[in-house]
Amino acid sequence: NYEDFLRQNKNATLYFFSSHAKKAFSDVTYPDDVYLVFGRESVGLPKELVEQNVNRALRIPMRKTLRRS
């Protein structure tokens, strides 16, 4: 689980991907040792997690016509 991962990787740099993030993934220069965190396709990451990490929350821009309902 997420809390266990954080305990085992105390100095980890994480980037959180969310459709609600303001900054695009291409606006960041990633360090060598980094973890990319994605939520489930159906619900994404918890809103609180994205809000707590707003400086490392990123979005992948997509055209609305690319996703099927």
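Accessible areas here come from the Shrake-Rupley method with a 1.4 Å probe, and for residues only the protein chains shown count as cover. This is a predicted model, where local features need pLDDT of at least 70, side-chain atom pairs count only at pLDDT 80 or more, and totals for chains, interfaces and linings use all residues. Residues are numbered from 1 along each chain as its sequence is written, and side-chain values use heavy atoms, with hydrogens and water left out.

View 1. About 6,000 Å² of the protein is accessible surface, and carbon and sulfur atoms hold 49% of that. Of the 69 residues, 22% are buried (under 20% relative accessible area; exposed is over 50%, partly exposed in between, with a 1.4 Å probe and protein chains only). Count the charged side chains and you get 12 positive and 8 negative, with the centres of the two sets 9 Å apart. Lys and Arg count as positive, Asp and Glu as negative, while His and the chain ends are not counted; each charge is placed at NZ of Lys, CZ of Arg, CG of Asp or CD of Glu.

View 2. Reading from the N terminus, the elements go α-β-β-β-α-β (DSSP runs, numbered from the N terminus: helices are H or I with at least four residues, strands E with at least two). The four strands make an open, parallel sheet ordered E2-E4-E1-E3. At its edges sit E2 (23-24) and E3 (35-38), each pairing on one side only; strands pair if DSSP finds at least two bridges between them. E1 (residues 14-17) runs parallel to E3 over four bridges, and tyrosine 15 has leucine 36 in E3 as its bridge partner.

View 3. Aspartate 4 pairs up with arginine 7, their closest N and O atoms 3.8 Å apart. A salt bridge here is a side-chain nitrogen of Lys or Arg within 4 Å of a carboxyl oxygen of Asp or Glu, and the structure has one. The two residues are three apart in H1 (residues 2-8), so about one helical turn separates them. Aspartate 4 is partly exposed, at 31% relative accessibility.

**View 4. Serine 18 in its loop.** Look between E1 and E2 for the loop that carries serine 18. Serine 18 is buried, with 10% relative accessibility. Leaving aside residues up to four places away in sequence, serine 18 touches Val50, Leu58 and Arg59 (contact means heavy atoms within 4.5 Å).
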